[in-house]
Amino acid sequence: MERQFTEEIESLKLGDGETFRGEGILAVTKALLQSGVSYVGGYQGAPVSHLLDVMVQAKDYMNELGVHVEACTSEASAAAMLGASVSYPIRGAVTWKSIVGTNVASDALSYLASAGVIGGALIVLGEDYGEGGVVAQERSHAYALKSMMWLLDPRPNLTTIAKMVERGFELSEASNTPVMMELRVRACHVQGSFAASNNRAPAVSTRNLMEQPADFLYERLAHPPAIFPQEKKKSDVRLPAARKFIAERRLNEQFEGDESSVGIVVQGGLYNNLVRALGILGLANVFSDERGGCRIPILALNVVYPLVPEEITTFCAGKSAVLVVEEGQPEFIEQDIATTLRRADVPTKLHGKDLLPMAGDYSAEVLVRAIARFLAQRAPHVDTSSGARWLEAIEASRARAAQALGALPARPPTFCIGCPERPVFSAMKLVAEDVGRPHVSVDVGCHAFATFEPFSQGNTLLGYGMSLASSAGVGPMSARRPVAIMGDGGFWHNGLLSGVASNLMNHGDAVLIIMKNGYASATGTQELLSSPLEEVRAAASGGSATYADKTIENTLRGMGVKWLRTVHNYRVADMMKALRQAYTTPEPGLKVIVAEGECQLERQRRKRPLVAARLKAGKRVVRTRFGVDEDVCTGDHSCIRLSGCPSLTVKNSSDPLKVDPVAHVNNACVGCGLCGEVAHAAVLCPSFFRAEIVHNPNLWDRLVARLRSAFIRRMQPA
Ligand code: SF4
Ligand code: SF4
């Protein structure tokens with residue numbers, strides 16, 4: 001796995017009178033244990049991966065508490081785990097990245113929400129929205145509304161986040177409804193502290209088993225005819241119970257301000273940005289206390305669904321206007337508030353998306369502009385000139401930066417140096433020059449870096465494990481076979497059934513390339529069904545550990561795939577040969593190439609301490625590096641365009657007759673050999689050389705080095 005969480009695991013054991021320090025998502029993990037959770041599941045994905053990763057690594061401690069932890073194969077299996085809370089009074093939590101994970105989980109969630117729960121059920125969502133988001137920009141809020149599950153959006157500080165985890169379970173139990181908690185990237189990674197309390201070993205646990213299964217109660221099944229009364233119960237019983245709990249336990253927070261003729265209603269998760277913006281406008285002191293010493297009254301919604309109508313009308317009463325700060329579209333909260341105000345005949349003017357952008361991240365800059373406009377219209381006596389000056393300064397520095405950076409080329413994100421997936425795309429690029437460019441459907445995972453330059457490959461991206469399925473409609477209409485790229489993570493998540501099984505059942509004819517790097521690399525190298533075993537990894541030391549495992553190949557064969565090749569990624573010529581065959585063979589049916597090569601990140605993580613230990617012990621270590629002979633390099637840079645390795649760069653030639661910069665390998669090179677392989681396969685100039693750096697050389701090394709030096713000296717002109 002990407003990280004060792006030794007310190008974090010220790011902080012999970014803190015108790016009464018101690019202070020937890022760390023990031024938001026680990027505060028959630030700690031709060032789950034304080035809440036007496038019995039089981040935790042999930043599927044990795046930023047920004048919530050650490051929740052599960054830490055628990056998986058803290059296996060011994062979880063066993064001690066009796067908490068069951070499961071790294072699920074998809075969000076759907078995680079959501080279905082919550083079924084335990086339908087029949088038993090036990091608390092469970094699951095986590096994943098949203099919106100994508102919620103999409104995958106939505107079938108199970110619908111049924112869960114219909115049946116209702118008797119044990120608290122909490123779904124922790126990494127709301128990957130806004131700057132830095134990597135998934136389709138949609139809101140989890142829509143799922144909360146359509147399934148009638150409650151949605152928490154805590155203010156991003158650790159005390160509130162931890163409190164809302166505990167209240168979330170209580171709310172779930174008080175209203176027999178699953179509760180979702182959305183945490184944006186900033187909330188997950190916000191640093192802070194909170195007063196810890198003792199962890200609660202759950203009453204029912206892996207150490208304290210239930211003697212009997214639950215009674216058979218038909219009304220707990222989300223099945224007709226039970227689904228009809230369940231739907232009525234949602235609005236008649238569960239919703240009022242939830243509103244009562246939210247109001248009585250004061251889950252939402254109201255902050256007073258002296259400009260009481262106006263107010264701001266904000267999603268809890270945006271509170272920090274709002275206070276920052278008000279601080280810039282001279283209306284809050286962000287350093288005064290945690291509440292910001294704000295002059296404008298604020299209603300911070302730690303629960304964004306359901307809203308409590310009385311809280312809204314009380315906050316708005318006596319105010320001429322209120323601004324709703326709600327990120328993303330559509331404006332669910334604003335519409336909800338408008339309905340409440342209209343029904344209660346409250347005349348307060350409502351602003352929101354008329355002053356704020358409908359889509360996109362609500363950064364401090366966006367909020368400063370919108371609040372200034374709101375106050376200019378509704379409270380013009382309030383001085384916001386400091387905000388105007390701040391915006392002018394931002395514009396000026398932006399213009400200066402644009403001028404300074406104007407001449408620089410864009411630097412798209414790319415694979416790690418030495419990544420085993422890069423050679424596959426180099427080979428695809430070279431084969432396309434011969435047989436033509438195919439339709440390429442790409443998938444979610446590290447291989448999606450190939451959509452950027454210099455590979456620029458991919459026609460569609462429709463979700464995790466969906467690449468082969470998304471080419472099903474293209475193949476029969478195309479003269480050339482479509483190509484689908486899938487990672488081993490995507491293969492196990494969804495690709496095996498949605499893609500491979502569907503293709504085989506329909507006698508499809510397509511090419512599938514499975515990147516078998518051994519892990520769910522893009523999310524932190526979590527383990528998969530086909531990950532190499534620990535002992536295989538240890539034995540592989542510096543080499544690739546993926547070879548031993550044939551789970552993917554055996555599964556494909558068992559399902560009936562006839563055309564199957566496993567190719568070592570770094571052998572570009574072999575990969576080109578396999579691709580050419582797959583593209584052009586007259587043989588019908590699915591053609592699968594398993595591109596074998598362990599994730600370089602994981603491999604280097606294993607290799608680095610071994611090398612360091614050998615060096616420290618004074619033992620011989622040989623490092624392979626590649627280089628470019630600048631006398632030979634012509635400066636046309638085909639090698640860079642074909643391999644895209646970031647350590648392959650350019651430098652000025654020391655030859656005054658060469659005006660173009662020459663290719664150069666910098667110190668980051670891990671010696672994967674791709675550049676040399678590509679140069680060879682593409683018949684480029686012979687400027688690449690392979691060098692071996694020998695640390696702690698033995699007598700033989702020294703003798704050979706001396707002989708070589710002597711020979712070179714002799715060959716050089718006097
Ligand atoms: S994490 Fe692994 S698979 Fe992903 S880009 Fe880096 S080396 Fe490649
Ligand atoms: S410069 Fe060449 S050998 Fe070094 S990491 Fe990049 S592709 Fe591999």
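The model is predicted.

**Ligand 2**

The space that ligand 2 takes is the largest cavity. Around ligand 2 stand Ile417, Phe626, Cys645, Ser647, Val665, Cys669, Val670, Gly671, Cys672, Gly673, Leu674 and Cys675. No charged residue belongs to this shell. It has 9 nonpolar and 3 polar residues.

**Ligand 1**

The shell of ligand 1 consists of Phe415, Cys416, Cys419, Glu421, Cys446, Asn517, Ser521, Cys599, Gln600 and Leu601. By class, 6 of these are nonpolar, 3 polar and 1 charged. Glu421 is the charged one, because Glu falls in the charged class.

**Largest pocket**

The largest pocket holds about 1,100 Å³ of space. Its lining has 48 residues, and those closest to the centre are Lys97, Val134, Val135, Val444 and Gly445. Helices H3 (49-57), H7 (100-115) and H19 (488-505) each supply at least two lining residues, as does strand S19 (519-520). H19 gives the most, with 5 residues. The lining divides into 20 nonpolar, 20 polar and 8 charged residues.

**Classes by site**

| Site | Nonpolar | Polar | Charged |
|---|---|---|---|
| Shell of ligand 1 | 6 residues | 3 residues | 1 residue |
| Shell of ligand 2 | 9 residues | 3 residues | no residues |

Note on methods
Residues numbered from 1 in each chain as written. Chains lettered and ligands numbered in written order. Predicted model: local features only at pLDDT ≥ 70, side-chain atom pairs only at ≥ 80, totals over all residues. Heavy atoms only, no water. Near = heavy atom within 4 Å. 1 Å grid on protein atoms, 1.4 Å probe; cavity = no way out; pocket = protein on both sides within 12 Å on 5 of 7 lines; lining within 4 Å. Sits in = over half its atoms within 2 Å of the grid points. Points joined across faces, edges and corners; volume = space filled by probe spheres on them. Helix = DSSP H or I, 4+ residues; strand = E, 2+ residues; numbered from the N terminus.
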